[in-house]
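Trainee: Could you walk me through the secondary structure packing of this one?
Mentor: Gladly, let's take a look together.

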Amino acid sequence: MITVTLYTKDNCSLCETAKQDLQSLQAKIPHNLALVNIGEDEDLQAAYGTRVPVAQVGPYVLEAPFDRQKLEMTMAAARDRAQQIEGDPKYDKRKARSAQINRSDKLAQFFGKHYLALLNLLIFLYVGLPFLAPVLMNAGYPALARPIYSTYGAVCHQMAFRSWFLFGEQPVYPREAAGIDEYASYEAATGLNGADMLAARGFIGNEQVGYKVAFCQRDVAIYGAILAFGLLYAATGRRIRPLHWMLWIAIGMAPIGLDGFSQLLSQIPNWPFWEYRESTPLLRTLTGAIFGFTTAWFGIPLLEESFQDVRVQVASKAARLKGSK
């Protein structure tokens with residue numbers, strides 16, 4: 001026997017008509033009727049609010065407006081299909097899974113509802129742990145701090161002249177080439193050669209200059225901005241629409257690409273096309289923050305759409321099972 005799931009809502013005359021039509025077809029095409037009131041679930045209301053009544057008959061879906069004739073034709077097609085594939089092991093397994101809320105459904109429901117909180121927590125830990133490293137160094141626990149530097153060194157260059165410093169005389173120590181007069185340069189403060197990348201990567205700091213954050217300035221800005229959008233998205237009830245991909249490229253990617261690649265290419269020995277330049281902490285932070293925020297704006301709402309589909313599927317299944325009892 002086929003199952004017909006009818007999505008309805010209160011004070012809906014079309015829903016009542018569809019219900020009566022299905023009841024009148026019971027003798028001609030026997031079926032299990034599951035009535036689902038979308039007003040009892042937020043996700044179902046968002047998915048079906050402007051479309052009810054919606055009748056789901058096996059793999060077929062009818063959206064309003066439809067009449068008794070369309071219902072009968074669709075139900076007949078679903079019945080014939082069910083008879084053809086009856087006894088197929090795959091069909092039997094799907095039928096058995098659809099008859100109960102299993103562990104996979106519960107897991108999907110959990111992540112569908114809590115993915116944003118978990119994502120924000122993960123990003124908070126990811127961008128926050130690099131700040132723990134200088135705290136531990138300053139507190140006299142280098143054995144605990146160095147594993148953090150080593151771990152993040154796999155994903156970040158950690159150049160001291162492009163990093164934030166805590167507990168020192170200055171928050172930054174840019175190279176002389178950056179031309180920032182208000183701060184002592186990296187070379188002057190450390191006595192190291194600004195062209196020695198390995199030394200800059202390995203330099204963690206000392207009591208005078210402080211200790212560097214285990215993430216460079218740009219990475220701190222990127223992931224901090226992703227976290228900021230994630231918190232904003234949660235605070236606004238996940239109602240922000242995704243940023244168009246063209247705006248993401250133009251606003252988010254172009255500035256960081258221009259700042260980063262112009263710096264990189266200009267520092268190639270004997271590069272003839274433009275003058276040597278070293279970006280500033282402000283530019284790295286600004287372009288990184290714009291990139292991180294727009295990337296999250298582009299990606300997180302799309303992720304929400306995917307998880308909303310998951311939530312609707314599980315909620316529909318639960319409501320169908322409840323409505324068919």
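Mentor: Helices (H or I, at least four residues) and strands (E, at least two) are DSSP runs, numbered from the N terminus, and two strands pair if DSSP finds at least two bridges between them. This is a predicted model, in which local features need pLDDT of at least 70 and side-chain atom pairs count only at pLDDT 80 or more, while totals for chains, interfaces and linings use all residues. Residues are numbered from 1 along each chain as its sequence is written, and side-chain values use heavy atoms, with hydrogens and water left out.

Trainee: What order do the strands of the four-stranded sheet have?
Mentor: That sheet is open, and its pairing is mixed. Strand 2 (31–37) and strand 4 (60–63) each have a single partner strand, so one side of each lacks a neighbour in the sheet. The order is 2-1-3-4.

Trainee: At what angle to strand 4 does helix 3 run?
Mentor: Helix 3 (residues 68–85) packs on the sheet, in contact (heavy atoms within 4.5 Å) with strand 1, strand 2, strand 3 and strand 4. Axes are lines fitted to C-alpha atoms, for helices over the stretch in contact, and angles run from 0 to 180 degrees between N-to-C directions. With the direction of strand 4, that of helix 3 makes about 170°.

Trainee: How many charged residues are in the contact of helix 5 with helix 6?
Mentor: The axes of helix 5 (residues 103–138) and helix 6 (residues 142–152) come within 8 Å and cross at roughly 140°. Among the residues that meet are Leu125 and Tyr126 in helix 5 and Arg146 and Ile148 in helix 6. Ala, Val, Leu, Ile, Met, Phe, Trp, Tyr, Cys and Pro count as nonpolar, Asp, Glu, Lys and Arg as charged, and the others, Gly among them, as polar. The contact has 15 nonpolar residues, no polar ones, and the charged count is one.

Trainee: Which strands form the edges of the three-stranded sheet?
Mentor: This open sheet has the order 5-7-6 with antiparallel pairing. Two bridges join strand 6 to strand 7 (residues 210–216). The strands that pair on one side only are strand 5 (163–166) and strand 6 (205–206).

Trainee: At what angle to strand 7 does helix 9 run?
Mentor: Helix 5 lies across strand 5 and strand 7, at about 160° to strand 7. Helix 9 (residues 217–235) also lies across strand 5 and strand 7, and its angle to strand 7 is about 55°.
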